[in-house]
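Thanks for making time, everyone.

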Amino acid sequence: MKRLVSLLIAAAMTVTMTSCGIGRHRQAKTEDGKDRIVRVDTSKEGDNELSVLVWDENFNVPALKAAEKAYQKKDPDFKLDIIEISEAEDIQDAVTLAGLNNDYSELSDIVLFQDHSFNRFYKDYTNAWRDLSGADINWRDFSNEKVSYSTENGVHYGVPLDNATAVCAYRTDLLKRAGYTIDDMTGITWDRFDEIGKKVYEKTGKYLLSINADDNALPYMMMQAEGESFFKDGRPYFADNEGLIRVVDTIVKLARDNVLYMTDDYAEYTDQTIKGDMVAGVMNGNWIIPTIEQVGDNSGNWAITSLPTFSGKEGYASNGGSSLYITSACSKKDLAEDFLAYTFGGGEGSKETYDAALEKGGIVTTYIPAGKSKVYSKGVRYFNDQPIYKKVVDMSTKVQSVEQNDYHYTARQQISFAIRNVIDGADTKKALQDAEDQVNFSMGYSN
């Protein structure tokens with residue numbers, strides 16, 4: 001309700017655009033400098049122009065600029081109007097407002113949308129999206145798990161942008177002080193992870209891992225690495241889910257053993273534990289790599305590998321990610337399809353686009369052939385010359401698709417609360433039942 005009230009207030013305000021940077025990149029702002037609902041008049045665009053709504057000037061915007069430059073080799077008159085807002089939720093608000101008014105005409109031609117959120121917005125506002133049936137894209141060249149987020153009833157609606165494959169990154173210098181190498185962290189059980197973590201803490205005073213306990217992604221990644229989900233047949237599946245019970249009990253044990261440090265919010269997670277040098281390891285979507293690299297003194301002392309699992313085989317998961325979608329406001333669907341196919345969809349401009357997106361913004365693709373380029377294959381000095389980006393693309397092909405749900409983030413938050421309760425002494429099954437009840441209530445189920 002709070003979000004909806006903010007949305008309606010924002011909708012009543014006048015939106016103005018102020019220039020930012022150079023070229024066609026601008027930020028949507030009001031007089032007080034706060035981002036608001038963005039309305040785009042696509043009727044004023046030229047025949048060779050498309051508008052796109054994105055967030056994150058340092059991550060997503062460079063990728064779109066790279067795509068614009070690449071497509072201009074095919075069409076020198078092409079222009080991409082890149083409109084930047086502050087958060088992914090602002091784009092969701094714009095689609096929500098358009099849907100409530102049953103008028104999608106003021107959306108941009110293309111929007112960037114979070115993978116875990118698209119399913120709900122497709123169901124609620126089906127008419128907001130144009131299918132990509134006519135696009136010249138070989139979908140088999142992308143990670144199956146990634147493409148599954150933007151596919152509804154066998155129809156593709158989105159073109160993948162960033163790769164959210166999870167990595168386990170470790171400080172090899174700290175592992176060495178405890179008597180281990182990166183190979184000792186590869187293909188191990190969670191019990192072995194706990195043993196190593198206790199030794200690392202004993203020898204170095206560092207935790208082997210930290211998580212943001214306010215919005216805990218670790219249970220989801222652990223479950224996906226096992227090929228399991230929080231949901232079953234569209235409903236939350238917590239209390240009777242033996243896999244989830246095992247995951248929660250493992251996380252609690254890691255926390256009690258000083259192997260896992262739990263922060264109260266995301267800022268503490270990044271600034272104090274990772275950049276603040278409290279941990280010997282990080283487990284998250286590979287978009288966390290630029291955060292790790294901000295500590296210059298640790299250059300050359302990191303390496304990445306796969307996730308632990310309960311069986312000891314190498315585990316693969318993802319966390320986050322987004323894709324590009326053509327909205328029903330787009331009157332130049334053929335141009336939009338060709339632009340996306342040519343740049344991000346595996347066309348002639350994809351190598352240039354993906355190489356530049358990685359070098360200038362840190363975006364890693366799920367387009368499998370991109371992993372063979374020289375840019376992706378070269379070693380990264382910070383990670384002791386390990387070709388980490390080639391490895392991430394390869395890992396993305398091994399991530400299993402598990403049942404997704406519109407209430408993914410709600411489930412994550414409630415499971416986070418359950419984990420805190422168990423650490424404080426609550427019974428695991430009871431805590432998960434309470435969490436399941438809360439998600440059922442949010443979904444409109446009585447029990």
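**Walking through the model**

Let's start with a loop: Asp385 sits between helix 14 (374-377) and helix 15 (388-396). Helices here are DSSP runs of H or I with at least four residues, strands are runs of E with at least two, and both are numbered from the N terminus. Asp385 has a phi near 65°, which is positive even though the residue isn't glycine. As for cover, Asp385 is exposed, with a relative accessible area of 52%. When I say exposed I mean over 50% relative accessible area, buried is under 20%, and partly exposed is in between, using a 1.4 Å probe and protein chains only.

Before I go on, the ground rules. This is a predicted model, where local features need pLDDT of at least 70 and side-chain atom pairs count only at pLDDT 80 or more, while totals for chains, interfaces and linings use all residues. Residues are numbered from 1 along each chain as its sequence is written, and side-chain values use heavy atoms, with hydrogens and water left out.

Asp233 is another non-glycine residue with a positive phi, near 55°. It lies in the loop between strand 11 (231-232) and strand 12 (235-236), and at 69% relative accessibility Asp233 counts as exposed.

Now the overall picture. The protein has 17 helices and 16 strands. The radius of gyration is 22 Å, close to the 22 Å from the globule rule for 447 residues, so the protein is as compact as a globular protein of that length. That radius is taken over C-alpha atoms, and the rule is 2.2 Å times the number of residues to the power 0.38. Along the principal axes, the C-alpha trace spans about 65 × 55 × 45 Å.

How much of the protein is buried? Buried residues make up 57% of the 447.

On to the inside. In soluble globular proteins, nonpolar side chains tend to be buried together. A nonpolar core, as I use it, is a set of buried Ala, Val, Leu, Ile, Met, Phe, Trp, Tyr and Cys residues joined through side-chain atoms within 4.5 Å. Which residues touch the most other members of the largest nonpolar core? Out of 85 residues, they are Trp129, Phe344 and Phe383. Helix 12 (residues 333-343) gives this core its largest share, six residues. There's another core apart from it, with 57 residues, including Ile196, Val248, Met262 and Leu432.

Take Trp129: not counting residues up to four places away in sequence, Trp129 touches a list that includes Val95, Phe113, Tyr157 and Ile326.

Beyond its neighbours within four places in sequence, Val52 contacts Leu64, Leu80, Ile110 and Leu324, among others. Leu80 is 28 residues from Val52 along the chain, and their C-alpha atoms are separated by 7.2 Å.

Thr428 lies in helix 17 (residues 428-442) and is buried, with a relative accessible area of 10%. Setting aside neighbours within four places in sequence, Thr428 is in contact with Ile245, Val248, Asp249 and Val422. Thr428 and Leu244 are 184 residues apart along the chain, with 9.9 Å between their C-alpha atoms.

Helix 8 (residues 218-225) is mostly covered: eight of its eight residues are buried, among them Tyr220, Met222 and Gln224. After helix 8 comes Gly227, with a positive phi near 75°.

Last stop, Lys74. You'll find Lys74 in the loop between helix 2 (60-71) and strand 4 (79-85), partly exposed at 43% relative accessible area. Lys74 and Glu348 are 274 residues apart in sequence, yet 9.3 Å apart in space, C-alpha to C-alpha.

That's my tour; over to you.

Technical notes. Contact = heavy atoms within 4.5 Å.
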